[in-house]
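Trainee: I would like a close look at one part of this protein, a pair of packed helices. Please take me through the packing and then set it in its surroundings.

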Amino acid sequence: MITRLLAFALHQRFITLAMALLLTVGGIVSFTRLPIEAYPDVADVQVDVITIWPGHAAEEVERLITIPLEKELNGVARVTFLRSTSIFGLSSIRVLFADGTDNYWARQQVQERLAQAEIPADARPQLGPLSTVIGEVYRYTLQSETMPLVDLKGLQDWVLEREFRKVPGVVDVVSWGGGIKQYEVVVDPGRLRAYNLTLKQVFDAVAANNANAGGSYIRQGEYALMVRGIGLIQSTADIENIVVAAQKGTPVRVRDLGRVGVGHAIRFGVLGRDHADDLVQGIVLMRKGENPGAVIEGVRKKIDEIKRLLPAGVDMRPYYSRDRLVSTTVTTVMRNLVEGAALVVLLLSLFLYDLRAALIVALTIPLSLLFAFIFMDLRGIPANLLSLGAIDFGIIVDGAVIMTENIVRHLAERRPTGHRVTREVQHAALEVARPLTFAVLIIMTVYVPILTFQRIEGKLFRPMAVTISLAVIGSLLLTLTLIPVLSSFFFRRPPSERESPLLRWLRRPYLPALRWCVRRPLVPLVGAGALLALALFTFTLLGKEFLPELDEGDLWLRVKFPVGISLEGARPYVHDLRERLLAFPEVRVVVSQLGAPDDGTDPNGPDNAEFYIGLEPREAWRFREKTALIEAMDRAISTVPGITTNFSQPIKDNVDEALAGVKGELAIKLYGPDLFVLEARARDIAKVLAGIPGVADLDYDHLVGQPQLQLVVDRNAAARYGINVQDVQDAIEAATKGRTVTEVFEGERRFNLVVKLAQDGDPLANLRNLAISAPTGERIPVTQIAEMTKTEGLAQILREGNLRRVAIKWSARGRDMGGLVAEAMDKVQARVPMPEGYQMIWSGRFEDQQRALARLYLIVPLVVFIIFILLFGAFQSLGDSLLIMLNLPFALIGGTLALWLWGTSFNISAAVGYIAVFGVSVLNGVVLVSSIRQAYAEGLPLREAIVRGCEIRFRPILVSAIVAVIGFLPAALSHGIGAEIQRPLARVVIGGLISSTALTLLVLPAIYALFAPREVSASGDRHA
């Protein structure tokens, strides 16, 4: 097949060139359509179920909302996990599905189950938006000196949100702060008592006086006159004139019982920016699977339209846009790629010492990438930091270098002219086509482990493996077709038989060293074994982590206040924290989010505040490293009493929370029935962790301690007065948050109308003086039929897998994660035993690391076996196949030493680097052994055949290795935003290629001389 492909390409050269042109055009078109993102979408397929039930404590929300919903959702197909949060007035359940589940199918299954759950009638579960943890693409604030805050929030909810949703790819807009507008009837208890009326009468009257009637029609001639009864409330005056009762012919209206006004519902959160304390924010969410670049561009165009819709005096100020991170990381990657490509072309010209040959090889770089872009576009694989940044042009051109060098060498030796050039090109190409093809198959095989990765590591590295494999396949096809065709055109005049002075300088000591190694094979073999032992020992000294942290450019700070603090109580501290952060000249903007948004999409209590800290460009910083800036900020805010802090980054914070369900990098999860026991154990574990060097951002879930005022109804006492429990609950509801009885329409907008009791002076005293209307007309103080008790309850209840959970969250700073977790495990398990019925799980990034390494331990040996089978199929020799397999430990030596010398921890990115360098190392071994076998088949004695084969392949092996090393050098040295994940991979490849190439050229021939049979049938060799 390879022979026929080569023959077709050389006999139909213009068709081959036309196909290359078509590839160029198609690749460019595909690249323009390709989604480009800074960070892959690593979240599981998930559906959020949000139920807002205002005014109810966390215990009631868990018992009556969360548990019934979990019971139904447990039976949904392909569900892997359930996580839930129950806080005051809100239940949020996250349903996680197996990878590959269709998002819309998952949402449909969840929606069907929700209808079967038995929950209170006034609680309506809703699905969260179909977005992801990286879906927040644009943030802005609204501010006005003239418009009331609730009207500003209404403008956001009813105008801006609707306009942004028109943008293709925008799924939702999360609104923060401001408070939701509502109409309020504030009833005076004294007037209610004076008119001898009850709250229920007010509820019923207001609800009954707000409706339109649908009538039939009246015929008028040939026309039908539609009849409508209009009775909807149009203004506060309409509410005031509602008749509650008529006493002796005199109507008692709402205005006689109290006042009517506009207020806001119970606020879940408060938003501040810089020096302003109470603003409205919008967060634009991108639909899962959309192109972030296209969505942000659509949002920017829509903003120009929206600004024309804003009333006078309303200021819309953006402060975060995802395209900033995308452009920065893509710039870093593209700069590394361009620098690598330029270095590759320069080195090719220098080592091949022929500009024509260098240009032919260099042409495979863009064409191979364009080939990959076409298939990425067809499969919908986005281009991101890893899928583009892990491409080494040196690896791509390895086969092209070997092919072109062999063609040039043949033409220089044979010096054909005319039509014989094409024949000689074909002969030279066939000589290396078979080993090159097998080598490329092996390179693709070594990426199989990456394709088996799961969850976050799979979503990060699978696109990279596919992209590199496609580029290598494209390079192979070009090597077997376009390079011979171009060589037949470019080398009509035979090239001169000359070698680069640099290569001559390198070859001069190589040949004597090679002959010495072949004569004394045990010495290099023992030396290589010693180096391998040194590398294995060095590996044990390396730090271990899951992934290096991607620098997003900005910071995200989470601050926890004491449990039970109110929104009003926390606001002064939040303002103080913003001012302290703004004092840093590196900070351009600080936005604080205290509590939760009103739609419940981010369930948090008033004790939780989150800060987006937008930073100036690095050039304006006083600090060289980001960690130094974080430490300075931590010192600046640490004097605020009673708080714990956790510094992270916007995307990283969302990813950590989505994957582990904990708002931290590392976590220890405790499961059991009693939250008081769980929190006590969490406190003990936190004390142990606090004494371990390297532990930072330490905190645990403070769930217990929410002050509560419980009114326990005495049923016997209530029965004596003929009062029902519901009458008591209605009065309590009206006295605190208000009872929603109907809705008021303002054009397209709709707002709740609530009835509440007036609260003057001390709210607690007013609640004690609350009177309940008995059927006899008596006013019974609530203290006579209910016992009022102050106690401590639960601020929130966290559940996982249908069990209550408390988590200890922490981070590793100034120390590798693997060593830190290992020490923490030993100390925690020794000092904090778990009671029977309770369990402890180590989670977060450590759990991800263990899962990925377990998969590697299983798959890598299988891949090594597959490589051996391919080598045996290529050479039909057990000895030669095992010999080439020695290149794998050769690559381990340099890769490990490179990590140690650079001070880099071993992580999944470095593991992928080892996998990548395995393929290139085997390619060099295949080429070298093929050349030795060919020389031996031509009749040379074994040692002379070894030297001759190594001499012939010295230039292509050395050039391909140096080119691959230099191609990755910019990524290994880069410190730009987005380079963190590339660096370990690039450093392993560089070190592995250096050791593998040196040992392949010296040790592998020595081992061949030691173990190869002295008599091999010439026919067998020629057949191979």
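Trainee: Is the crossing in which H2 passes H12 left-handed or right-handed?

Mentor: This is a predicted model, in which local features need pLDDT of at least 70 and side-chain atom pairs pLDDT 80 or more, while totals for chains, interfaces and linings use all residues. Residues are numbered from 1 along each chain as its sequence is written, and side-chain values use heavy atoms, leaving out hydrogens and water.

H2 passes H12 in a left-handed crossing (the near helix is turned anticlockwise from the far one by less than a right angle; clockwise would be right-handed). Helix H2 covers residues 13-33 and helix H12 residues 355-379 (helices are DSSP runs of H or I, at least four residues, and strands of E, at least two, numbered from the N terminus). Their axes lie 8 Å apart, at an angle of about 55 degrees (axes are lines fitted to C-alpha atoms, for helices over the stretch in contact, and angles run from 0 to 180 degrees between N-to-C directions). The two helices are therefore oblique to each other (under 35 degrees is roughly parallel, over 145 roughly antiparallel, 65 to 115 roughly perpendicular, the rest oblique). On H2 the contact (heavy atoms within 4.5 Å) involves Ala20, Leu23, Thr24, Gly26, Gly27, Ile28, Ser30, Phe31 and Arg33; H12 supplies Leu367, Leu370, Phe371, Phe373, Ile374 and Asp377. By class, these are 9 nonpolar, 4 polar and 2 charged residues (Ala, Val, Leu, Ile, Met, Phe, Trp, Tyr, Cys and Pro are nonpolar; Asp, Glu, Lys and Arg charged; the others, Gly among them, polar).

Of its 1024 residues, 57% are buried (under 20% relative accessible area with a 1.4 Å probe, protein chains only; over 50% is exposed, in between partly exposed). Of the contacts between residues at least 6 apart in sequence, 80% join residues at least 24 apart.

Elsewhere, 4 strands make an open, mixed sheet in the order S13-S8-S26-S25. Strands S13 (258-264) and S25 (739-746) are at the edges with a single partner strand each, so one side of each has no neighbour in the sheet. From one strand to the next the twist averages 30 degrees. Helix H5 (residues 149-165) packs on this sheet, touching S8, S13 and S26, while helix H27 (residues 725-736) lies across S25 and S26, at about 110 degrees to S26.

Notes
Two strands pair if DSSP finds at least two bridges between them.
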